[in-house]
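Here are my notes on this model. Please keep the structure open while you read the points.

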Amino acid sequence: MTSENHGTVKADLPMVMSPTGSTSQTAPFSPSTSKPIQELPDELVQAGWSKCWSKRENRPYYFNRFTNQSLWEMPVLGQHDVISDPLGLNAAPASGEAASDGSLGNGQRKRHPSEDAAQTGPNSFKRPKVEIPVTPTTPTVPISPSTPGVKPWVNATEEKPGQTSTPAPAPYRPSVVYWDLDIQTNAVIRERAPAADHLPPHPEIELQRAQLITKLRQHYHELCSQREGIEPPRESFNRWLLERKVVDKGLDPLLPSECDLVISPSMFREIMNDIPIRLSRIKYKEEARKLLFKYAEAAKKMIDSRPSGFRNATPDSRKVVKWNVEDTMNWLRRDHSASKEDYMDRLEHLRKQCGPHVASVAKDSVEGICSKIYHISAEYVRRIRQAHLALLKECNISVESSESATVQDRLVYCYPVRLSIPSPPQPRVELHFENEIACLRFKGEMVKVSRGHFSKLELLYRYSCIDDPRFEKFLSRVWCLIKRYQVMFGSGMNEGSGLQGSLPVPVFEALNKQFGVTFECFASPLNCYFKQFCSAFPDIDGFFGSRGPFLSFSPASGSFEANPPFCEELMEAMVTHFEDLLERSSEPLSFIIFIPEWRDPPTPALTRMESSRFRRHQTTVVAFEHEYRSGSQHICKREDMYYKAVHGTAVIFLQNNAGFAKWEPTAERIQELMTAYKISGRSLPSPGPSSTTSTAEKDNKVAPEAPSKSQDNSSPVDKTSVDSTNT
């Protein structure tokens with residue numbers, strides 16, 4: 001059975017249209033829907049039935065996405081529910097043939113298990129059970145917040161006059177889910193035209209991009225090893241990608257190609273911090289002694305490896321480094337009774353004496369590494385773009401002649417990014433399930449996602465995608481999505497997962513209940529809690545609900561949560577964007593930011609927010625006393641779903657006057673938020689994860705729970721004054 005089995009008939013998938021209609025500047029509009037053509041009675045579609053085609057038997061059959069039933073004959077209304085009535089005691093008596101066949105009540109003949117197994121091929125797309133709690137009356141499309149004079153979204157399956165509908169069977173209800181896609185948005189934006197600068201995704205292009213990025217990572221590793229004799233700093237390449245995209249004006253969604261500053265401050269800083277060796281946390285005396293010896297040896301080796309005429313390698317630098325290294329070696333030979341603190345003090349002294357000279361010698365070489373990686377990236381972008389345009393041309397899709405839609409200057413509730421360039425035909429992507437893992441394969445390249453997150457992607461796609469109502473491109477787009485994030489994370493063990501970590505579910509629930517938060521500023525379709533969010537890749541994430549990159553997103557009002565990747569340049573650009581939005585809007589606007597409380601030295605983003613005139617409240621969640629959800633939650637094991645935070649987390653409220661009046665961080669609300677942080681992932685019921693003790697937790701004795709440090713009324717703005725910002 002191929003992926004077309006459940007993709008040929010999608011009677012219950014409504015098409016979501018972009019905002020239409022007209023209204024005043026103050027009232028946002030609600031998007032409208034168009035009713036799809038259905039091949040089954042509305043009552044059966046509402047109950048979860050769809051008509052599919054069996055290639056093995058060459059005839060149609062009927063599949064229920066709620067109960068996973070499959071029948072050869074069309075289901076009869078009123079047949080028993082196998083969940084609430086598994087024995088069929090309340091069903092109508094079965095006919096002789098059906099009863100003797102061991103099949104369902106009401107004369108329905110169920111497909112044999114052997115036939116089911118035979119028809120489950122490598123590209124079978126049998127929908128998993130729905131993973132969100134719903135009721136029989138829950139609509140299949142989201143209902144936008146009510147707007148006076150505007151008809152809200154409605155379910156595409158409307159009841160016909162004079163026709164009674166049969167209640168749908170009870171859907172699958174998991175004990176724990178990590179998202180809530182029923183929460184509607186309060187984020188309002190100005191209507192925007194479909195994006196014309198993004199090319200539609202395609203597995204062929206995504207595979208080429210993945211191969212080139214893997215090659216670029218190898219180049220980076222070789223340059224660090226050959227030129228400086230060190231391993232690349234852990235995840236420095238991932239942070240380089242994030243930092244470059246803050247300033248990049250190029251057209252590739254992942255690789256930088258047009259940056260004003262060729263040398264990345266992030267990559268340069270991280271490599272220099274690891275020269276001459278990477279310093280690690282020390283627990284025992286012998287480790288401290290070994291680290292001091294290795295640092296002295298590496299500093300001498302680096303200064304000797306530069307030729308005498310090498311730039312910045314002056315004779316005085318050589319003398320200073322060699323003298324301090326020899327003095328340290330003599331001290332190590334004669335003093336065997338030193339403590340751990342003695343070794344660490346000696347290491348700090350050696351770093352102060354030799355560090356500036358070693359850094360000046362390595363500066364040009366490190367700048368050369370940064371420059372070379374950037375120029376290789378720009379060349380790869382040119383190749384990818386060329387191949388992508390050629391593919392679109394083969395499909396008779398012209399990029400230059402794509403018409404730009406005209407939009408009105410009005411306020412609407414935020415909606416996903418749309419592409420103006422039509423999508424080309426998609427190639428075959430095979431799908432099969434291994435226990436609780438969905439495996440998608442294209443040209444031998446397999447990506448994996450948990451079955452629960454695969455169901456989540458299906459729901460997000462149904463809510464957000466408007467150009468594929470029959471799900472014919474769903475599998476190829478899921479493959480592109482997972483491959484993109486897999487490449488961005490890197491191939492190392494747990495690499496990149498920290499950059500996509502998210503808040504625990506109880507914290508999101510508290511944010512929504514106490515502060516009206518309905519939107520995530522930094523998320524992805526894989527780790528989002530709400531169905532409205534901003535993410536890094538609008539070209540592929542937009543089909544799954546993304547509103548685009550946050551630095552390009554300009555809301556007029558709403559309540560937002562921001563937990564950015566821990567990249568200093570990105571966090572500082574985020575603060576600039578926050579203050580600009582709060583300055584311009586007089587509507588209620590609130591941002592609740594979660595960033596690491598790094599104080600040695602403090603990050604520019606933290607310093608700026610603490611002195612911002614829009615700061616209304618600040619509190620700190622103590623290190624090792626709260627958790628994050630793993631960035632690889634879509635594939636990791638349950639016991640790895642949560643991990644302890646090894647640093648404190650600063651929670652800062654930035655609000656304009658209207659936002660403060662509507663979502664004031666009162667003491668009671670803050671207490672509810674802090675209480676939510678105390679609910680550990682290990683206390684969640686099955687199938688929630690049970691958190692394991694992290695390495696950092698083992699190395700550090702956790703102190704008794706202390707109240708969070710809180711600072712209120714710290715903004716220099718008078719909270720009762722009228723906001724003097726521009727509209």
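**Notes on the sheet, its helices and the core**

1. Three strands, in the order S8-S9-S10, form an open sheet with antiparallel pairing. Strand S8 (430–434) and strand S10 (445–450) are the edges; each has a single partner strand, so one side of each lacks a neighbour in the sheet. Neighbouring strands are turned by 25° against each other on average, direction ignored. Strands (E, at least two residues) and helices (H or I, at least four) are DSSP runs, numbered from the N terminus. Two strands pair if DSSP finds at least two bridges between them.

2. This is a predicted model: local features need pLDDT of at least 70, side-chain atom pairs count only at pLDDT 80 or more, and totals for chains, interfaces and linings use all residues. Residues are numbered from 1 along each chain as its sequence is written, and side-chain values use heavy atoms, with hydrogens and water left out.

3. S8 and strand S9 (residues 437–442) pair in the antiparallel sense over 5 bridges. His432 stands opposite Cys439 in S9. Asn435 lies in the loop between S8 and S9. Its phi is positive, about 55°, although Asn435 is not a glycine. Lys443, in the loop between S9 and S10, also is not a glycine and has a positive phi of about 50°. Most residues other than glycine have a negative phi.

4. Lys443 is exposed at 57%. Exposed means over 50% relative accessible area, buried under 20%, partly exposed in between (1.4 Å probe, protein chains only).

5. Helix H10 (residues 451–464) and helix H11 (residues 474–489) pack at about 115°, with axes 11 Å apart. Axes are lines fitted to C-alpha atoms, for helices over the stretch in contact; angles run from 0 to 180 degrees between N-to-C directions. On the H10 side, the contact (heavy atoms within 4.5 Å) includes Phe454 and Leu457. H10 lies across S8, S9 and S10, at about 90° to S10. H11 also touches S8, S9 and S10, and its direction makes about 90° with that of S10.

6. The largest nonpolar core has 117 residues; Leu440, Phe454 and Phe544 are among those that touch the most other members. Helix H9 (residues 340–394) gives the largest share, 16 residues. Such a core is a set of buried Ala, Val, Leu, Ile, Met, Phe, Trp, Tyr and Cys residues joined through side-chain atoms within 4.5 Å.

7. Please check two peptide bonds. Ile275 and Pro276 are joined in cis, with omega about 5°. Asp600 and Pro601 are joined in cis, with omega about -5°.
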